[in-house]
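Here are my notes for a colleague who is opening this structure for the first time. Please keep the sequence and the 3D view beside the text while reading.

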2 protein chains.
Amino acid sequence: MLRITKITDYGFILLAHMANQDKELLHNAKDLSAAIGIPLPTVSKVLKILTQGGILQSHQGSKGGYSLAKPAGEITAAEIIEAVEGPVAITDCSSSEGCERNCVVSPSWQQVNTAVIGALSGLTLADMSNG
Amino acid sequence: MLRITKITDYGFILLAHMANQDKELLHNAKDLSAAIGIPLPTVSKVLKILTQGGILQSHQGSKGGYSLAKPAGEITAAEIIEAVEGPVAITDCSSSEGCERNCVVSPSWQQVNTAVIGALSGLTLADMSNG
DNA sequence: CTCAATTAAGACCAAATAGGTCTACTATTT
DNA sequence: AAATAGTAGACCTATTTGGTCTTAATTGAG
Ligand code: SF4
Ligand code: SF4
């Protein structure tokens, strides 16, 4: 339905919050949950996914937490979405797997897909955070 | 997951097929189903939705069928998607209803949404069909 | 060394959405 | 009248998404 998922949306909220504070500060899931107003288990899940996608760096154990893996100005919206939902593909045929029905409109979708990725790549977390 | 639905995809295939033929010719669901290779009930559903959305014109009764409501060059991809899935809104906050959690990243999503709609509005059915 | 705090991994279930089919009805042509 | 074709909408199934939970592994502090 041409919409990002809630998990992705939460990811952006969390990342923007982290980008607005001292870069070295470790944020733990519990504090973030309280700060953002999203239940802890969900926050925890999102942070885990973002870490697996290389957007966040984690530090385990007591006094552990998460921090941005790169400066906010170097993390693009496209990267974040890909980390959470996988490659951006507006149709089956604009993904790597493709589509067996290789129809006439496919090239147009490729164009649209490229344009969308372009828009998302031109926007960094720094742009999105404090504004 | 940032993807158009299958019904929408079918819609584009059907419309492109129709745009590639005589504008005045009426296409009935059965023939279109055979031509495109999508089951009749599904084709029928898609055509109905496109008609309700004002993209197609229908003609009931024997020898009836569907034809484009406007020249292919005047039907944009954005229009078609809206007709099938409703307004393009990449997040809750970029739709008319909005989102109660009015967060800091919302303005950025508005920008992205506008860019996406722009890309979709700049592409007509004529562009997408015979190309 | 032990304990508490904290992330990691993934199972799990419930809710929502999407995909697809079907039936009954209406309109038009012959 | 009969045949053809669209209209409306219910309906069920499959898939995806949202969210929670449990169990482990890791690390710092006392
Ligand atoms: S190839 Fe045609 S059918 Fe397959 S995804 Fe692309 S547009 Fe849709
Ligand atoms: S306002 Fe914030 S939370 Fe609500 S949809 Fe927009 S980005 Fe997501």
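Predicted model: local features only at pLDDT ≥ 70, side-chain atom pairs only at ≥ 80, totals over all residues.

1. Residues are numbered from 1 along each chain as its sequence is written, chains are lettered from A and ligands numbered from 1 in the order in which they are written, and side-chain values use heavy atoms, with hydrogens and water left out.

2. The largest nonpolar core holds 82 residues, where such a core is a set of buried Ala, Val, Leu, Ile, Met, Phe, Trp, Tyr and Cys residues joined through side-chain atoms within 4.5 Å; buried means under 20% relative accessible area, exposed over 50% and partly exposed in between, with a 1.4 Å probe and protein chains only. The residues with the most contacts inside this core are Leu68, Trp109 and Leu120 of chain A and Leu68, Trp109 and Leu120 of chain B. In soluble globular proteins, nonpolar side chains tend to be buried together. Leaving aside residues up to four places away in sequence, A:Leu68 touches (heavy atoms within 4.5 Å) a set of residues including A:Leu15, A:Met18, A:Ile55, A:Ile75 and A:Leu125.

3. In helix α4 of chain A, residues 77-85, the buried residues are A:Ala77, A:Ala78, A:Ile80, A:Ile81, A:Val84 and A:Glu85; helices (H or I, at least four residues) and strands (E, at least two) are DSSP runs numbered from the N terminus. They cover an arc of only 165 degrees around the axis, which puts them on the same side of α4(A), the arc being that of the directions from the helix axis to the C-beta atoms. Their cover includes α1, α3, α5 and α6 (125-128) of chain A together with α5 of chain B. Just after α4(A), A:Gly86 takes a positive phi of about 85 degrees.

4. Which chains surround ligand 1? Residues from chains A and B do, so the site is shared between chains; a residue is near a molecule or strand if one of its heavy atoms lies within 4 Å of it. α5 (106-121) of chain A and α1 (6-19) of chain B are the elements that give two or more residues to this shell. Ligand 2 likewise lies between chains A and B, and here the elements giving two or more residues are α1 (6-19) of chain A and α5 (106-121) of chain B. Among the residues around ligand 2 are A:Asp9, B:Cys93, B:Cys99, B:Cys103 and B:Trp109.

5. Around DNA strand D there are 27 residues, of which A:Lys6, A:Lys45, A:Gln60, B:Ser58 and B:Gln60 come nearest.

6. B:His27 sits in the loop between α1 and α2 (29-36) of chain B and counts as buried at 8% relative accessibility. Not counting residues up to four places away in sequence, B:His27 touches B:Met18, B:Gln21, B:Leu32, B:Gly65 and B:Tyr66.
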